[in-house]
Amino acid sequence: MRETIVACKSAIVRVLCPDLGKAGTCFFVSPGGILLTNCHVVSTIVPTANGELELRYSTGPQVEYEGRWQQARILHSLESTHPLYEDYAVLRIDTAAQTPWLTLGEYGETEPGNYILALGFPLGIDVVSATQG
C-alpha cells in the first residue's frame, strides 16, 4: 500500500471553492492540467424564489498545485442530468508544465469485495490521507 500512495500522491491535489465555503480533493487525469473531482465539491443546491431547488456552481474554484493556489475552470459536470449516480466534475488549470496524472480503471473490471484505496484531503486537511477497505 505504501508504494501505491507514494506513486499516486503527486497527482492528488486540494480544491477550494471560497464562494461556496467548500474544500475537497481532485486528481489529475491527463498531463495537461485536467482534473477530476466530485460535483458536490464545486457546487451547492440553493432554493429558488418559487420553492424549487437549483444547482449553483462555484464561480472561482482554486486548485493547490506545486505549492501555490491556481484558478481552475469547471469544464463539465453531469450532476444536473444524473444527480443520483454521477457526482463528478471535470476541472482544468492553465499550466505549461506537464502534470502528473492517474489512469482511470475500467468499471467493468471491478467486483464486490475488491480492495480499494481512497486518497485525499478530507475536511480540508493539508496532508494526504489514505483509507483502505
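Colleague: Which helices and strands each supply at least two residues of the lining of the largest pocket?

Modeller: Rolling a probe the size of a water molecule over the atoms shows where empty space is left. On a 1 Å grid over the protein atoms alone, a pocket is an open set of points where a 1.4 Å probe fits, with protein on both sides within 12 Å along at least five of seven lines; lining residues have an atom within 4 Å of a point. Helices (H or I, at least four residues) and strands (E, at least two) are DSSP runs, numbered from the N terminus. Here the contributors are α1 (2-8), β2 (22-28), β3 (34-37), α2 (39-42) and β9 (117-120), and β2 gives the most, with four residues.

This is a predicted model: local features need pLDDT of at least 70, and side-chain atom pairs count only at pLDDT 80 or more, while totals for chains, interfaces and linings use all residues. Residues are numbered from 1 along each chain as its sequence is written, and side-chain values use heavy atoms, without hydrogens and water.

Colleague: What volume has the largest pocket?

Modeller: A volume is the space filled by probe spheres set on the grid points, which are joined across faces, edges and corners. For the largest pocket this is about 960 Å³. Of its 26 lining residues, F27, L36, L104, L117 and A118 are the closest to the centre.

Colleague: Which residues line the second largest pocket?

Modeller: The lining comprises K9, S10, I12, V13, R14, E64, Y65, E66, F121, D126, V127 and V128. Among the elements, β1 gives the most, with three residues. This pocket holds about 160 Å³ of space.
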